[in-house]
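Trainee: Could we go through this structure together, one step at a time?
Mentor: Gladly, let's look at it first.

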Amino acid sequence: MEKIIISRKHISGMELTPELARIHAHLCGDGFTCMYKTKRKDRIYVAQIGYCNKNQKLLDKFRVDFSKLFGVKMKMVRNKQVTISSIRIFKEIKERFGKFGSRKWRIPEEIKNSSKFIKLEWLKAFFEDEAYDEKRYNRLKTKSVNFKGLKDAKEMLDSLNINSTLTGPNCDHSYYLTIPNFSSIKEFNDFSKEPIRK
């Protein structure tokens, strides 16, 4: 099998694709990036990128997107998360998109100013992780402690002429991004929140 070699320059200048937008959205949602010191003799630092979810389809999709972009295979852990250790990829993701973490993630300008399709791919991926489809009230509701991140998401919805409201802070210092009349929004006709596997 031919070995896949991807240079630093290639990744840094990578075109913004649906796969890259979805990876960023999931890292803002149920994903993680971290680098820490290790006592291993062969290296000083270890960096990990991962995604946690109880929905197998979402784990598989993230794994496929990641493999397509970076030429690596993520490890499946107990069918609840996929991870990979790579300082190179960790640095590239950080250089391209900045910080992650529940209070730190932001949507970069290149995604906010991208095509309608790319914006929708980001929003759907993020909502797959973070939103609640409240069918009783016909609304999609997302809760987060990251006001600026939700504000970025609202700006993208506004740019697509999709009505939404951003409210808070709540008593736990969180905020809600709510899309009313959700079933009538044609851009999300193919979106669904599948039941979480117990």
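**Cavity, helices and pocket**

Mentor: Helix 2 and helix 4 each give at least two residues to the lining of the largest cavity. Helices (H or I, at least four residues) and strands (E, at least two) are DSSP runs, numbered from the N terminus. This is a predicted model, where local features need pLDDT of at least 70 and side-chain atom pairs count only at pLDDT 80 or more, while totals for chains, interfaces and linings use all residues. Residues are numbered from 1 along each chain as its sequence is written, and side-chain values use heavy atoms, with hydrogens and water left out.

Trainee: What volume does the largest cavity have?
Mentor: On a 1 Å grid over the protein atoms alone, a cavity is a set of points where a 1.4 Å probe fits but cannot get out, and lining residues have an atom within 4 Å of a point. Grid points are joined across faces, edges and corners, and a volume is the space filled by probe spheres set on the points. For the largest cavity, that volume is about 90 Å³.

Trainee: Which helix supplies the largest share of the lining of the largest cavity?
Mentor: The lining has 10 residues, and Leu20, Phe70, Ile93, Arg96 and Phe97 lie nearest the centre of the cavity. The largest share, four residues, comes from helix 4.

Trainee: Is helix 2 roughly parallel or oblique to helix 6?
Mentor: Axes are lines fitted to C-alpha atoms, for helices over the stretch in contact, and angles run from 0 to 180 degrees between N-to-C directions. Helix 2 (residues 18–28) and helix 6 (residues 116–130) pack at about 30°, with axes 8 Å apart. Angles under 35 degrees count as roughly parallel, over 145 as roughly antiparallel, 65 to 115 as roughly perpendicular and the rest as oblique. Therefore helix 2 is, relative to helix 6, roughly parallel.

Trainee: How does helix 2 lie relative to helix 3?
Mentor: Helix 2 and helix 3 (residues 56–70) pack at an angle of about 125°, and their axes are 9 Å apart. That angle makes the arrangement of helix 2 to helix 3 oblique.

Trainee: How much space lies in the second largest pocket?
Mentor: A pocket is an open set with protein on both sides within 12 Å along at least five of seven lines. Residues lining the second largest pocket include Thr33, Phe90 and Lys104. Strand 1 (31–37) and helix 4 (87–97) each supply at least two residues of that lining. The space in the second largest pocket is about 180 Å³.
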